[in-house]
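Good morning, and thank you for coming. Please look at the sequence and the structure together while I speak.

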Amino acid sequence: MPDLIMDSNYICHWHRFALSQGLSYRGKPTEIIFGFLKTVFELSERFQSRRFLFCWDSRESLRKKIYPDYKSNRHKEMTEEEKETSSVAFRQFDEIRQIVLPDLGFKNIFLKDGYESDDLIAVLVKMKSTDTKVVVSSDADLYQLLQYCNIYQPAKKQLMTEELFQKEYSIASRYWPSVKCLSGCSTDNVAGIVGVGEKTAIKYFNGELVKGKAFDSIKSKEGVKIFHRNALLVSLPFDGIDVLPVKKQEIFSKDKFIQIFEQYGFQSFLTAKAISRWTSLFNLE
(Lines give C-alpha, C1' and ligand atoms only; values in the text may rest on other atoms or scores of the structure.)
Protein backbone atom coordinates (compact mmCIF):
# COMPACT_ATOMS: atom_id res chain seq x y z
CA MET A 1 0.00 0.00 0.00
CA PRO A 2 1.89 3.12 -1.19
CA ASP A 3 1.87 6.55 0.40
CA LEU A 4 -0.03 8.92 -1.91
CA ILE A 5 1.48 12.38 -1.51
CA MET A 6 -0.83 15.02 -2.93
CA ASP A 7 0.10 18.32 -4.56
CA SER A 8 -3.20 19.62 -3.22
CA ASN A 9 -3.18 23.06 -4.82
CA TYR A 10 -2.60 21.46 -8.21
CA ILE A 11 -5.57 19.13 -7.70
CA CYS A 12 -7.75 22.09 -6.70
CA HIS A 13 -6.67 24.22 -9.68
CA TRP A 14 -7.21 21.30 -12.04
CA HIS A 15 -10.80 20.93 -10.90
CA ARG A 16 -11.31 24.66 -10.71
CA PHE A 17 -11.05 24.79 -14.50
CA ALA A 18 -12.13 21.26 -15.42
CA LEU A 19 -15.47 21.81 -13.66
CA SER A 20 -15.87 25.47 -14.58
CA GLN A 21 -19.53 24.92 -15.46
CA GLY A 22 -20.18 25.12 -11.73
CA LEU A 23 -21.63 22.81 -9.12
CA SER A 24 -23.39 24.08 -6.02
CA TYR A 25 -25.56 22.92 -3.17
CA ARG A 26 -28.03 25.22 -1.42
CA GLY A 27 -26.45 28.21 -3.15
CA LYS A 28 -22.90 27.33 -2.12
CA PRO A 29 -20.27 26.50 -4.82
CA THR A 30 -18.89 23.00 -4.34
CA GLU A 31 -17.35 22.00 -7.68
CA ILE A 32 -13.74 22.06 -6.46
CA ILE A 33 -14.56 20.15 -3.28
CA PHE A 34 -16.44 17.54 -5.32
CA GLY A 35 -13.62 17.20 -7.86
CA PHE A 36 -10.98 16.93 -5.14
CA LEU A 37 -12.81 14.12 -3.34
CA LYS A 38 -13.54 12.35 -6.63
CA THR A 39 -9.78 12.37 -7.32
CA VAL A 40 -9.06 10.97 -3.85
CA PHE A 41 -11.57 8.19 -4.54
CA GLU A 42 -10.03 7.39 -7.95
CA LEU A 43 -6.47 7.40 -6.61
CA SER A 44 -7.39 5.15 -3.72
CA GLU A 45 -8.92 2.72 -6.18
CA ARG A 46 -6.08 2.88 -8.69
CA PHE A 47 -3.28 2.39 -6.15
CA GLN A 48 -5.28 0.37 -3.61
CA SER A 49 -4.23 2.70 -0.81
CA ARG A 50 -5.86 4.82 1.87
CA ARG A 51 -2.59 6.40 3.02
CA PHE A 52 -2.86 10.01 1.85
CA LEU A 53 -0.63 12.95 2.73
CA PHE A 54 -1.90 16.35 1.59
CA CYS A 55 0.58 19.16 0.89
CA TRP A 56 -0.52 22.78 0.41
CA ASP A 57 1.10 25.99 -0.80
CA SER A 58 1.65 28.86 1.60
CA ARG A 59 0.33 32.19 0.33
CA GLU A 60 3.65 33.77 1.32
CA SER A 61 6.85 32.87 -0.53
CA LEU A 62 10.37 32.79 0.86
CA ARG A 63 11.64 32.50 -2.71
CA LYS A 64 10.22 35.92 -3.61
CA LYS A 65 12.35 37.47 -0.89
CA ILE A 66 15.53 36.47 -2.71
CA TYR A 67 14.09 36.80 -6.24
CA PRO A 68 11.18 39.28 -6.43
CA ASP A 69 10.28 38.24 -10.00
CA TYR A 70 9.57 34.67 -8.87
CA LYS A 71 6.19 33.63 -10.33
CA SER A 72 5.36 37.26 -11.10
CA ASN A 73 4.19 36.10 -14.55
CA ARG A 74 1.19 34.41 -12.89
CA HIS A 75 -0.31 37.64 -11.62
CA LYS A 76 -2.41 39.78 -13.90
CA GLU A 77 -4.89 42.57 -13.52
CA MET A 78 -8.33 41.08 -12.91
CA THR A 79 -11.81 42.46 -13.35
CA GLU A 80 -14.08 42.60 -10.31
CA GLU A 81 -15.91 39.54 -11.63
CA GLU A 82 -12.65 37.63 -12.01
CA LYS A 83 -11.61 38.63 -8.50
CA GLU A 84 -14.89 37.30 -7.09
CA THR A 85 -14.57 34.06 -9.06
CA SER A 86 -11.03 33.61 -7.75
CA SER A 87 -12.12 34.37 -4.19
CA VAL A 88 -14.92 31.78 -4.40
CA ALA A 89 -12.42 29.19 -5.66
CA PHE A 90 -9.85 29.83 -2.93
CA ARG A 91 -12.51 29.62 -0.26
CA GLN A 92 -13.12 26.08 -1.44
CA PHE A 93 -9.36 25.37 -1.28
CA ASP A 94 -9.38 26.50 2.36
CA GLU A 95 -12.54 24.55 3.14
CA ILE A 96 -11.03 21.33 1.81
CA ARG A 97 -7.88 21.81 3.89
CA GLN A 98 -9.42 23.14 7.09
CA ILE A 99 -12.77 21.34 7.26
CA VAL A 100 -13.49 18.59 4.72
CA LEU A 101 -10.31 16.51 5.00
CA PRO A 102 -10.06 16.73 8.83
CA ASP A 103 -13.76 15.89 9.21
CA LEU A 104 -13.34 12.85 6.97
CA GLY A 105 -10.57 11.71 9.33
CA PHE A 106 -7.40 12.37 7.34
CA LYS A 107 -4.50 13.09 9.71
CA ASN A 108 -1.64 14.21 7.47
CA ILE A 109 -2.44 17.69 6.14
CA PHE A 110 0.59 19.94 5.76
CA LEU A 111 1.06 23.67 5.18
CA LYS A 112 4.12 25.66 6.27
CA ASP A 113 4.44 29.44 6.05
CA GLY A 114 6.73 30.57 3.24
CA TYR A 115 6.98 27.17 1.58
CA GLU A 116 5.33 25.56 -1.43
CA SER A 117 3.69 22.17 -1.59
CA ASP A 118 6.73 21.06 -3.66
CA ASP A 119 8.96 21.70 -0.65
CA LEU A 120 6.74 19.69 1.66
CA ILE A 121 6.53 16.89 -0.88
CA ALA A 122 10.33 16.81 -1.15
CA VAL A 123 10.70 16.50 2.62
CA LEU A 124 8.16 13.66 2.76
CA VAL A 125 9.65 11.60 -0.06
CA LYS A 126 13.18 11.98 1.31
CA MET A 127 12.20 10.81 4.78
CA LYS A 128 13.57 7.33 5.45
CA SER A 129 10.93 4.70 4.85
CA THR A 130 10.55 1.32 3.20
CA ASP A 131 7.13 2.30 1.87
CA THR A 132 6.56 3.05 -1.81
CA LYS A 133 5.78 6.72 -2.42
CA VAL A 134 3.67 8.12 -5.25
CA VAL A 135 3.48 11.89 -5.70
CA VAL A 136 0.31 13.15 -7.39
CA SER A 137 1.12 16.25 -9.45
CA SER A 138 1.77 17.60 -12.94
CA ASP A 139 4.70 19.79 -11.84
CA ALA A 140 7.85 18.97 -13.81
CA ASP A 141 9.99 20.55 -11.06
CA LEU A 142 9.23 17.44 -9.01
CA TYR A 143 11.08 15.21 -11.49
CA GLN A 144 14.21 15.85 -9.43
CA LEU A 145 12.64 13.60 -6.76
CA LEU A 146 12.19 10.52 -8.97
CA GLN A 147 15.05 8.69 -7.26
CA TYR A 148 12.81 8.63 -4.16
CA CYS A 149 9.32 8.21 -5.63
CA ASN A 150 7.13 7.86 -8.70
CA ILE A 151 5.01 10.77 -9.96
CA TYR A 152 1.43 10.28 -11.16
CA GLN A 153 -0.29 12.86 -13.36
CA PRO A 154 -4.04 12.29 -12.88
CA ALA A 155 -5.17 14.47 -15.79
CA LYS A 156 -3.12 12.32 -18.21
CA LYS A 157 -3.37 9.14 -16.12
CA GLN A 158 0.38 8.69 -16.55
CA LEU A 159 2.98 7.43 -14.08
CA MET A 160 6.50 8.83 -14.38
CA THR A 161 9.35 6.73 -13.02
CA GLU A 162 13.11 7.22 -12.95
CA GLU A 163 13.48 4.75 -15.80
CA LEU A 164 10.91 6.52 -17.99
CA PHE A 165 12.40 9.92 -17.16
CA GLN A 166 15.89 8.85 -18.24
CA LYS A 167 14.46 7.37 -21.44
CA GLU A 168 12.60 10.60 -22.28
CA TYR A 169 15.17 13.20 -21.16
CA SER A 170 18.45 11.28 -21.57
CA ILE A 171 19.67 12.26 -18.10
CA ALA A 172 19.29 11.01 -14.53
CA SER A 173 16.69 12.82 -12.42
CA ARG A 174 19.31 13.89 -9.86
CA TYR A 175 20.68 16.31 -12.49
CA TRP A 176 17.26 17.89 -13.17
CA PRO A 177 17.65 20.83 -10.76
CA SER A 178 21.06 21.60 -12.27
CA VAL A 179 19.48 21.57 -15.74
CA LYS A 180 16.90 24.09 -14.50
CA CYS A 181 19.63 26.21 -12.93
CA LEU A 182 21.10 26.72 -16.39
CA SER A 183 17.97 26.87 -18.53
CA GLY A 184 15.68 28.58 -16.03
CA CYS A 185 12.00 27.85 -15.52
CA SER A 186 9.46 29.79 -17.56
CA THR A 187 6.57 28.45 -15.49
CA ASP A 188 7.97 30.10 -12.35
CA ASN A 189 9.46 33.09 -14.20
CA VAL A 190 13.00 32.12 -13.24
CA ALA A 191 15.44 33.41 -15.88
CA GLY A 192 18.21 31.12 -17.06
CA ILE A 193 21.40 31.79 -18.95
CA VAL A 194 20.68 33.50 -22.27
CA GLY A 195 20.95 31.03 -25.14
CA VAL A 196 20.85 27.95 -22.91
CA GLY A 197 17.64 25.93 -23.15
CA GLU A 198 16.72 22.64 -21.52
CA LYS A 199 18.21 20.46 -24.27
CA THR A 200 21.46 22.43 -24.29
CA ALA A 201 21.75 22.14 -20.51
CA ILE A 202 21.22 18.38 -20.73
CA LYS A 203 23.97 18.12 -23.35
CA TYR A 204 26.28 20.09 -21.05
CA PHE A 205 25.76 17.75 -18.09
CA ASN A 206 26.11 14.71 -20.35
CA GLY A 207 29.50 15.98 -21.49
CA GLU A 208 28.26 16.53 -25.05
CA LEU A 209 28.72 20.31 -24.98
CA VAL A 210 32.40 21.19 -24.72
CA LYS A 211 32.70 24.36 -26.77
CA GLY A 212 30.74 27.09 -28.48
CA LYS A 213 28.78 30.17 -27.49
CA ALA A 214 26.43 28.36 -25.09
CA PHE A 215 29.36 26.60 -23.40
CA ASP A 216 31.17 29.92 -22.94
CA SER A 217 28.02 31.48 -21.46
CA ILE A 218 27.70 28.66 -18.93
CA LYS A 219 31.35 29.01 -17.90
CA SER A 220 31.26 32.80 -17.73
CA LYS A 221 31.23 34.74 -14.47
CA GLU A 222 27.60 35.78 -15.14
CA GLY A 223 26.63 32.20 -15.98
CA VAL A 224 28.07 30.90 -12.71
CA LYS A 225 26.24 33.65 -10.83
CA ILE A 226 22.91 32.74 -12.45
CA PHE A 227 23.48 29.04 -11.73
CA HIS A 228 24.04 29.62 -8.01
CA ARG A 229 21.10 32.05 -7.73
CA ASN A 230 18.75 29.60 -9.44
CA ALA A 231 19.96 26.72 -7.28
CA LEU A 232 18.32 28.45 -4.31
CA LEU A 233 15.04 28.69 -6.23
CA VAL A 234 14.67 25.37 -8.03
CA SER A 235 16.24 22.85 -5.66
CA LEU A 236 13.79 20.99 -3.41
CA PRO A 237 13.15 21.51 -0.62
CA PHE A 238 13.85 25.20 -0.08
CA ASP A 239 16.37 25.73 2.70
CA GLY A 240 15.27 25.77 6.33
CA ILE A 241 12.34 23.38 6.42
CA ASP A 242 12.16 20.78 9.18
CA VAL A 243 11.09 17.15 9.08
CA LEU A 244 7.30 16.93 8.92
CA PRO A 245 5.45 15.07 11.69
CA VAL A 246 3.71 12.25 9.83
CA LYS A 247 0.93 10.72 11.92
CA LYS A 248 -0.37 7.19 11.82
CA GLN A 249 -3.68 7.17 9.99
CA GLU A 250 -6.50 6.15 12.30
CA ILE A 251 -9.57 4.16 11.28
CA PHE A 252 -12.03 6.00 9.06
CA SER A 253 -15.71 6.26 10.01
CA LYS A 254 -18.49 5.43 7.55
CA ASP A 255 -20.85 7.77 9.41
CA LYS A 256 -18.39 10.66 8.97
CA PHE A 257 -18.06 10.01 5.24
CA ILE A 258 -21.83 9.90 4.79
CA GLN A 259 -22.26 13.03 6.92
CA ILE A 260 -19.83 15.03 4.74
CA PHE A 261 -21.37 13.80 1.49
CA GLU A 262 -24.84 14.73 2.70
CA GLN A 263 -23.63 18.12 3.95
CA TYR A 264 -22.39 19.01 0.45
CA GLY A 265 -25.16 17.26 -1.48
CA PHE A 266 -22.81 14.82 -3.23
CA GLN A 267 -25.52 12.33 -4.17
CA SER A 268 -23.29 10.33 -6.52
CA PHE A 269 -21.12 9.47 -3.50
CA LEU A 270 -24.17 8.29 -1.54
CA THR A 271 -25.43 5.53 -3.82
CA ALA A 272 -25.27 2.01 -2.41
CA LYS A 273 -22.59 1.11 -4.96
CA ALA A 274 -20.44 4.16 -4.13
CA ILE A 275 -20.70 3.65 -0.37
CA SER A 276 -19.73 0.01 -0.82
CA ARG A 277 -16.62 1.05 -2.76
CA TRP A 278 -15.68 3.77 -0.25
CA THR A 279 -16.15 1.24 2.55
CA SER A 280 -13.92 -1.32 0.88
CA LEU A 281 -11.15 1.12 -0.08
CA PHE A 282 -10.98 3.04 3.19
CA ASN A 283 -11.91 0.16 5.48
CA LEU A 284 -14.77 2.23 6.87
CA GLU A 285 -16.20 1.19 10.23
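The second largest pocket has a volume of about 290 Å³. The model is predicted, so to speak of local features a pLDDT of at least 70 is needed, side-chain atom pairs count only at pLDDT 80 or more, and totals for chains, interfaces and linings use all residues. Residues are numbered from 1 along each chain as its sequence is written, and side-chain values use heavy atoms, with hydrogens and water left out.

On a 1 Å grid over the protein atoms alone, a pocket is an open set of points where a 1.4 Å probe fits, with protein on both sides within 12 Å along at least five of seven lines; its lining residues have an atom within 4 Å of a point. Grid points are joined across faces, edges and corners, and the volume is the space filled by probe spheres set on the points.

Strand 1 (3-7) and strand 4 (52-55) each supply at least two residues of the lining of the second largest pocket. Strands (E, at least two residues) and helices (H or I, at least four) are DSSP runs, numbered from the N terminus.

Let us follow these strands into the sheet. Two strands pair if DSSP finds at least two bridges between them. Strand 1 and strand 4 pair in the parallel sense over four bridges, and L4 has F52 as its bridge partner in strand 4. Strand 4 also pairs in the parallel sense with strand 5 (residues 109-110), over two bridges; there, F54 has I109 as its partner.

Is strand 4 buried or exposed? Both of its faces are covered: F52 and F54 on one side, and L53 and C55 on the other, are all buried, that is, under 20% relative accessible area with a 1.4 Å probe, protein chains only. In a regular strand the side chains alternate between the two faces of the sheet.

Further along, strand 6 (residues 133-136) and strand 7 (residues 150-153) pair in the parallel sense over three bridges, with V135 opposite I151. Strand 7 and strand 8 (residues 158-160), however, pair in the antiparallel sense over three bridges, and Y152 stands opposite L159. These two strands form a hairpin with four residues between them, and K157 in the turn has a positive phi of about 55 degrees.

Taken together, an open sheet of six strands has the order 5-4-1-6-7-8, with mixed pairing. Strand 5 and strand 8 stand at the edges, each with a single partner strand, so one side of each is left without a neighbour in the sheet.

Finally, the largest pocket has a volume of about 1,500 Å³. It is lined by 41 residues, of which H13, D57, K71, R74 and F90 lie nearest its centre. Helix 4 (80-104) is among the helices that each supply at least two lining residues, and helix 4 gives the most, with seven. The lining of the largest pocket has 11 nonpolar, 12 polar and 18 charged residues.

Notes
Ala, Val, Leu, Ile, Met, Phe, Trp, Tyr, Cys and Pro count as nonpolar, Asp, Glu, Lys and Arg as charged, and the others, Gly among them, as polar. Buried means under 20% relative accessible area, exposed over 50%, partly exposed in between (1.4 Å probe, protein chains only).
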